[in-house]
Amino acid sequence: MMKMEKIIEKLETIKTDAYYYVDEDDNEIRLTIDDFEGFDEDWSEVERELENHKAVEEVLEWLEENADEVEGDYYEYYHFGEITVCVGYASFDI
C-alpha cells in the first residue's frame, strides 16, 4: 500500500511548479500545478510557464501508474488505498 510520505516525497520534486495541501483528516492531498501568472493590462489571463515541465509530466505519469484508481475529467483524483490525491491547476480557480 502506498504511504502518504512516499507520495509527498514525489510531489516535493516539483515544488517550483506546484504546491500542495495535506488534509490528514480526510487522507487527501490537494496538488495544484501553478500555471497562472496573473492578469495583463486588459485583464486577460497570463499563463505561467512551468520551470520544469518535464518533471511535472513525470510526476503526473507516476501518479497515474501507481494509483489504484483514477477518476475525474476536470480535476483528476488518484486513489492510493485510503489516500486520494486531487490534481488541479491554479488557472482552474480564476
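Start with the sheet: five strands make up an open sheet in the order 1-2-7-6-5, with mixed pairing. Select strand 1 (18-23) and strand 5 (69-71), the edge strands, each of which pairs on one side only. From one strand to the next, the twist averages 20°. Keep in mind that this is a predicted model.

**The whole chain**

Followed along the sequence, the elements come in the pattern α-β-β-β-β-α-β-β-β. The C-alpha trace spans about 50 × 25 × 20 Å along the principal axes. Colour by accessibility: of the 94 residues, 37% count as buried. The protein exposes about 6400 Å², and carbon and sulfur atoms supply 42% of that area. Among contacts with a separation of 6 or more, 41% are between residues 24 or more positions apart.

**Strands 5 and 6**

Strand 5 pairs with strand 6 in the antiparallel sense, over three bridges. Pick E71 and look across to strand 6, where its bridge partner is Y77.

**Helix 1**

Next, select helix 1 (4-11). Helix 1 lies across strand 1, strand 2, strand 6 and strand 7. Show its axis together with that of strand 2: helix 1 runs at about 10° to this strand. Helix 2 also packs on the sheet, where it touches strand 2, strand 5, strand 6 and strand 7. The direction of helix 2 makes about 55° with that of strand 6.

**Helix 2**

Now select residues 53-66, which are helix 2. The helix has 14 residues and reaches 20 Å from its first C-alpha to its last, close to the 20 Å expected at 1.5 Å a residue. Which residues of helix 2 are buried? Show the side chains of A55, V56, V59, L60, W62 and L63.

What do the buried residues of helix 2 pack against? Display helix 1, strand 2 (28-33), strand 6 (76-80) and strand 7 (83-89), and the packing partners are in view. Finally, turn the model to the face of helix 2 that points away from its buried side: the exposed residues K54 and E65 are carried there.

Key. Residues numbered from 1 in each chain as written. Predicted model: local features only at pLDDT ≥ 70, side-chain atom pairs only at ≥ 80, totals over all residues. Heavy atoms only, no water. Helix = DSSP H or I, 4+ residues; strand = E, 2+ residues; numbered from the N terminus. Expected span 1.5 Å × (residues − 1). Buried < 20%, exposed > 50% of the residue type's maximum accessible area, 1.4 Å probe, protein only. Contact = heavy atoms within 4.5 Å. Pairing = 2+ DSSP bridges. Axes fitted to C-alpha atoms, helices over the stretch in contact; angles between N-to-C directions. Areas by Shrake-Rupley, 256 points an atom, 1.4 Å probe, with all protein chains shown as cover.
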